[in-house]
Amino acid sequence: MTLAESLARTTPGGVGEPTIDCDIHVAPASFEVLKEFMEPTWKSLIAEWAWPGPPGLATVHPPGAPSSARPEWRDGPQPGTDLEQVREHVLDAWNVRHGILNCYYALDSFRHPDLGIVLARAVNDWLISEWLERDDRLRASLVLPAFITADAIAEVERVGDHPGFVQVLMPVRASAPYGNRNWLPLVEAIVRQDLVFSLQWGGTAPGAPTPTGWPAWYVEEYAGEQQVFMSQLISLIGEGTFQRFPELRVTVLDIGFAWLPSLMWRLDKEWKGLRRMVPWIDRPASRIIREHMRFSTAPLDAGPIDEMVRMLEWVGEDVVLFGSDYPHFHADDVGAFLAALAPEVRRKVLSGNAASFYGLR
């Protein structure tokens with residue numbers, strides 16, 4: 001079943017309700033595309049070095065992996081590289097009122113600090129020129145140079161006030177947990193620009209992707225990424241980031257929400273016994289999550305649909321946003337889940353929650 005066919009099951013007449021898709025992945029068709037947005041000196045240096053682009057692109061989403069693209073989008077050009085293609089596959093296919101573009105360009109997979117700035121600028125200018133200025137339904141996450149905090153802040157200040165950017169893409173794997181105080185100046189800049197801090201799949205941190213070392217196979221890494229997201233949430237809550245920045249909003253994309261109830265329960269339980277060690281945490285973690293965080297539907301990791309509906313009740317009907325994770329493939333029938341929700345809850349998941357959280361019309 002294609003995603004469009006799945007979504008058509010949400011209401012008897014198809015997807016008649018406007019949708020906000022908070023997770024549409026796009027990418028330049030080739031490294032050559034970004035050179036248009038670079039200064040001549042850098043274009044010359046890159047040609048001299050014969051540098052092919054960030055190495056992390058092929059490891060985070062291997063082009064041949066079944067999870068990297070749904071079958072219906074594998075014929076033709078690489079999905080997510082062309083506006084007309086995204087209009088056909090996503091915007092027009094399921095009545096998208098707003099679509100939020102996420103371009104993970106693996107800027108954390110190489111160490112040259114100045115080239116990191118150049119590429120971040122190029123990606124953001126490419127998003128503005130080729131996407132945001134050509135379709136007013138689109139919004140986007142801006143990308144940042146990975147290793148110099150001052151440079152990341154400068155890029156937030158350079159383009160963060162563009163009306164098309166609604167959030168900042170923060171790869172889930174990073175040089176340190178995002179609650180670490182070294183990140184505070186960047187978080188402050190994101191909040192100052194009224195942007196969402198968006199925790200997303202990706203990153204090539206220096207350490208192993210598991211707490212106990214390196215896996216042997218991609219499937220181990222792919223399935224285990226959930227624990228990295230958990231670690232980042234625990235860090236943001238445990239180190240008091242939301243007490244420092246009461247206006248901070250965080251979206252957690254590419255990882256679904258089925259894992260969230262057990263984490264919320266565990267954090268609340270341990271906080272009750274250990275709160276004297278973290279007196280700045282002034283309320284249960286589950287309440288902080290519901291106030292400040294939102295989670296996308298994909299991958300749904302769906303069990304029995306009635307149990308998924310109950311799980312949504314546990315986490316809170318205001319907490320989940322519709323995200324297709326285009327073009328990535330998940331064998332979940334999101335349409336069956338949406339169809340099982342009460343109409344007013346379905347409207348919240350399809351558009352209302354995102355409209356409120358991102359400040360969209």
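Predicted model: local features only at pLDDT ≥ 70, side-chain atom pairs only at ≥ 80, totals over all residues.

Trainee: Does K35 count as buried or exposed?

Mentor: Relative accessible area decides this: under 20% is buried, over 50% is exposed, and partly exposed lies in between (1.4 Å probe, protein chains only). K35, at 14% relative accessibility, counts as buried. E32 has 49% relative accessibility and counts as partly exposed.

Trainee: How do the side chains of K35 and E32 meet?

Mentor: They form a salt bridge, with 2.9 Å from N to O. The term requires a side-chain nitrogen of Lys or Arg within 4 Å of a carboxyl oxygen of Asp or Glu. Because K35 and E32 are three residues apart in helix α2 (residues 31-35), about one helical turn separates them. Helices (H or I, at least four residues) and strands (E, at least two) are DSSP runs, numbered from the N terminus.

Trainee: Which residue forms a salt bridge with R158?

Mentor: The partner of R158 is D125, and their closest N and O atoms are 3.1 Å apart. The pair ties together parts that are 33 residues apart in sequence, because R158 lies in helix α7 (residues 149-159) and D125 in helix α6 (residues 113-132). R158 is partly exposed at 27% relative accessibility, and D125 is also partly exposed, at 23%.

Trainee: Where do R173 and E225 lie?

Mentor: Their side chains meet in a salt bridge of 3.0 Å, N to O. R173 lies in the loop between β4 (165-171) and α8 (184-192), and E225 in helix α9 (residues 218-238), so this pair ties together parts 52 residues apart in sequence. R173 counts as buried at 14% relative accessibility, and E225 counts as buried at 1%.

Trainee: How many salt bridges does a search of the whole structure find?

Mentor: The search finds 22. A network of salt bridges links E84, R87, D92, D135 and R137. As for charge, the chain has 32 positive and 47 negative side chains, and the centres of the two sets lie 7 Å apart. In that count Lys and Arg are positive and Asp and Glu negative, while His and the chain ends are not counted; each charge is placed at NZ of Lys, CZ of Arg, CG of Asp or CD of Glu.

Trainee: Which residues of α8 are buried?

Mentor: In α8, L184, L186, V187, A189, I190 and V191 are buried. Their cover includes α7, β4, β5 (196-200) and α10 (241-244). After α8 comes D194, with a positive phi near 60°.

Trainee: Where does D254, which has a positive phi, lie?

Mentor: D254 is in the loop between β6 (250-252) and α11 (260-274). Its phi is about 75°, although D254 is not a glycine, and at 5% relative accessibility D254 counts as buried. D301 also has a positive phi, near 50°, and is a residue other than glycine. D301 lies in the loop between β7 and α13 and, at 41% relative accessibility, counts as partly exposed.

Trainee: What is omega for the peptide bond from A298 to P299?

Mentor: Omega is near -10°, and the bond is cis. P299 is placed in the loop between β7 (293-296) and α13 (305-315). The bond from Y326 to P327 is cis as well, with omega near 0°, and P327 is found in the loop between β8 (320-321) and α14 (334-340).

Trainee: How many helices and strands are in the chain?

Mentor: The chain has 15 helices and eight strands. With a radius of gyration of 20 Å, close to the 21 Å that the globule rule gives for 361 residues, the chain is as compact as a globular protein of that length. That radius is taken over C-alpha atoms, and the rule is 2.2 Å times the number of residues to the power 0.38. Of the 361 residues, 56% count as buried.

Conventions:
Residues numbered from 1 in each chain as written. Heavy atoms only, no water. Contact = heavy atoms within 4.5 Å.
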